[in-house]
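User: I've got a model open and I'd like to talk it through. Can you take my questions one at a time?

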Amino acid sequence: MTENYLNILEESLQKKLQVMAKIQDYNLRQQEIFRSDNVELDKFDEYVAEKGALIDELTALDNGFETLYAKVAEELAGNRERYAEQIKRLQELVSRVTEESVGIQAQEARNKKLVEDYFRRERNNLNRSRKSSKAAYDYYKSMSQTNVVQPRFMDNKQ
């Protein structure tokens with residue numbers, strides 16, 4: 001029975017690694033969006049939604065793993081030598097999951113900076129446009145309020 005649980009734990013960790021690889025792929029896609037000249041916010045939103053579903057799946061895998069491990073932990077502690085090989089594989093998988101998690105966090109931090117930089121540039125461009133529009137409007141307004149001066153020198157010869 002314990003061997004079956006250990007196999008399920010191992011499969012869970014492998015599945016988690018697959019999901020994490022997909023998340024990394026979406027992170028790279030998001031990075032490409034904000035590094036390109038033509039930022040497609042709709043595509044970015046789509047990737048965020050798809051990545052959100054993957055994160056939910058990851059959370060479910062974590063919860064299932066923890067629940068199952070809690071059932072098996074006592075048996076493993078008493079018979080470490082009997083399950084040594086499977087425990088070693090699980091430890092290696094947990095180590096890989098941890099490494100991938102750190103990598104994803106680093107990607108997320110880089111993407112966050114790219115997004116912040118993009119919105120800062122867009123906000124500055126918008127402010128510049130507003131100032132230019134206001135200056136043009138003020139000029140138009142002041143010019144329309146001036147009285148047109150008629151030419152002073154007119155030839156009155158008939």
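What follows is a run of questions and answers on this model.

Analyst: Quick ground rules: this is a predicted model, where local features need pLDDT of at least 70, side-chain atom pairs count only at pLDDT 80 or more, and totals for chains, interfaces and linings use all residues. Residues are numbered from 1 along each chain as its sequence is written, and side-chain values use heavy atoms, with hydrogens and water left out.

User: In what order do the elements of the protein chain run from the N terminus on?

Analyst: Helices here are DSSP runs of H or I with at least four residues, strands are runs of E with at least two, and both are numbered from the N terminus. The protein chain has 3 helices and 0 strands. Read from the N terminus, that gives α-α-α.

User: What share of the 158 residues in the protein chain is buried?

Analyst: Buried means under 20% relative accessible area, exposed is over 50%, and partly exposed lies in between (1.4 Å probe, protein chains only). By that cut-off, the buried share of the 158 residues is 26%.

User: Which aromatic cluster does Phe 34 belong to?

Analyst: Contact means heavy atoms within 4.5 Å. Leaving aside neighbours within four places in sequence, Phe 34 is in contact with Val 39, Leu 41, Phe 44, Leu 114, Val 115 and Tyr 118. The aromatic cluster is made of Phe 34, Phe 44, Tyr 118 and Phe 119.

User: Is the ring pair of Tyr 26 and Tyr 47 stacked or tilted?

Analyst: Rings of Phe, Tyr and Trp (its six-membered ring) pair if their centres lie within 6.5 Å; planes under 30 degrees apart count as stacked, over 60 as edge-to-face and the rest as tilted. There are 5 aromatic pairs in the structure. For Tyr 26 and Tyr 47, the centres are 5.7 Å apart and the planes sit at 55°, so the pair is tilted.

User: How many residues apart in sequence are the parts that Tyr 26 and Tyr 47 tie together?

Analyst: Both tyrosines, Tyr 26 and Tyr 47, are buried. Tyr 26 lies in helix H1 (residues 2-35) and Tyr 47 in helix H2 (residues 41-78), so the parts they tie together are apart in sequence by 21 residues.

User: And Phe 65 with Tyr 69, is that pair stacked or tilted?

Analyst: Phe 65 and Tyr 69 both lie in helix H2, 4 residues apart, about one turn of the helix. Phe 65 is buried at 18% relative accessible area, while Tyr 69 is partly exposed at 40%. Their ring centres are 6.3 Å apart with planes at 5°, so the pair is stacked.

User: Which side chain makes a polar contact with the side chain of Glu 10?

Analyst: A polar contact is a pair of N or O atoms within 3.5 Å; within protein, one must be able to donate a hydrogen and the other to accept it, and residues adjacent in sequence count only if both atoms are side-chain atoms. Glu 10 is found in helix H1 and is buried, at 13% relative accessibility. At 3.1 Å, the partner is Arg 89.
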